[in-house]
Amino acid sequence: MFLDNRQVAMDSVLEALADSIDYFQDNLERLRPSLRETLKPHYEARAKTMQKLQELARRHLKLLPRDADVERDDYMWLWSRLKSFVGNESQVVIGELLEQERVLMQALATLYTHPLPNPLEPIVEQCWKDCRSLIRELYRQQKPRRR
């Protein structure tokens, strides 16, 4: 079955959400404890949002879930570890989390160019707001370490 442009856009959002959650969970031990506790509620909320979006996408867009790109995850993990050798580990992870947010924002922007079923609209809007909130928090956490 081929996907239409709207389904592809939603699939990209769901993939970006899953990737960001996976990256955070895979790198928890690399974050200083205070940062881990600050970011945890953002990613717990994101997991709930993703689950709701998956359900709605399945119901209203006939979009079936798909597996994550494991090879990409392995590459990202290795590249991040290599960067940690020359920088502060928490700061490297923050930079990678910000990159994940950039990818998600691009996917959401593309999704917004398509008409969405009414039940999806508020969840997508909340996802956008949550992403912006997390970006602000990541920059706030990054700032004191730049001095």
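What pattern does the protein follow, read along the sequence? The answer is α-α-α-α-α.

**Figure 1. Overview of the predicted model.** This model is predicted: local features need pLDDT of at least 70, side-chain atom pairs count only at pLDDT 80 or more, and totals for chains, interfaces and linings use all residues. Residues are numbered from 1 along each chain as its sequence is written, and side-chain values use heavy atoms, with hydrogens and water left out. The protein has five helices and zero strands. Helices (H or I, at least four residues) and strands (E, at least two) are DSSP runs, numbered from the N terminus. Of the 147 residues, 40% count as buried. Buried means under 20% relative accessible area, exposed over 50%, and partly exposed in between (1.4 Å probe, protein chains only). Among contacts with a separation of 6 or more, 79% join residues 24 or more positions apart. Contact means heavy atoms within 4.5 Å.

**Figure 2. Packing of α1 against α4.** The axes of α1 and helix α4 (residues 89-111) come within 8 Å and cross at roughly 165°. Axes are lines fitted to C-alpha atoms, for helices over the stretch in contact, and angles run from 0 to 180 degrees between N-to-C directions. The two helices, α1 and α4, are therefore roughly antiparallel. Angles under 35 degrees count as roughly parallel, over 145 as roughly antiparallel, 65 to 115 as roughly perpendicular, and the rest as oblique. α1 passes α4 in a left-handed crossing. A crossing is left-handed if the near helix is turned anticlockwise from the far one by less than a right angle, and right-handed if clockwise. From α1, the contact includes A9, V13, A16, L17, S20 and F24. From α4, the contact includes V93, L97, Q100, E101, L104 and L108. The residues of this contact divide into 14 nonpolar, four polar and four charged. Ala, Val, Leu, Ile, Met, Phe, Trp, Tyr, Cys and Pro count as nonpolar, Asp, Glu, Lys and Arg as charged, and the others, Gly among them, as polar.

Figure 3. S20 lies in helix α1 (residues 5-26). S20 is buried, with a relative accessible area of 0%. The side chain of S20 reaches the backbone oxygen of L17 at 2.9 Å. A polar contact is a pair of N or O atoms within 3.5 Å; within protein, one must be able to donate a hydrogen and the other to accept it, and residues adjacent in sequence count only if both atoms are side-chain atoms. Beyond its neighbours within four places in sequence, S20 is in contact with Y43, R46, Q100 and E101. A16 also lies in helix α1. At 5% relative accessibility, A16 counts as buried. A16 touches V103 and L104, not counting residues up to four places away in sequence. A16 and M50 are 34 residues apart along the chain, and their C-alpha atoms are separated by 9.8 Å.

**Figure 4. Packing of α2 against α5.** Helix α2 (residues 33-60) and helix α5 (residues 121-142) pack at an angle of about 160°, with their axes 11 Å apart. α2 and α5 are therefore roughly antiparallel to each other. The crossing of α2 past α5 is left-handed. On α2, the contact residues include L35, L39, H42, Y43, R46 and L53. On α5, they include I123, V124, C127, D130, L134 and L138. By class, this contact of α2 with α5 has eleven nonpolar, five polar and four charged residues.

**Figure 5. Packing of α4 against α5.** α4 and α5 pack at an angle of about 155°, with their axes 10 Å apart. That makes α4 roughly antiparallel to α5. α4 passes α5 in a left-handed crossing. Contact residues of α4 include I94, L97, L98, E101, L104 and M105. Those of α5 include V124, C127, W128, C131, R132 and I135. The contact of α4 with α5 has 16 nonpolar, three polar and two charged residues.

**Figure 6. D4, before α1.** D4 is found in the segment before α1. At 38% relative accessibility, D4 counts as partly exposed. A polar atom of the D4 side chain lies 2.7 Å from the backbone nitrogen of Q7. D4 and L61 are 57 residues apart in sequence and 9.6 Å apart in space, C-alpha to C-alpha.

Figure 7. K62 is placed in the loop between α2 and α3 (70-84). K62 has a positive phi of about 55°, although it is not a glycine. At 56% relative accessibility, K62 counts as exposed.
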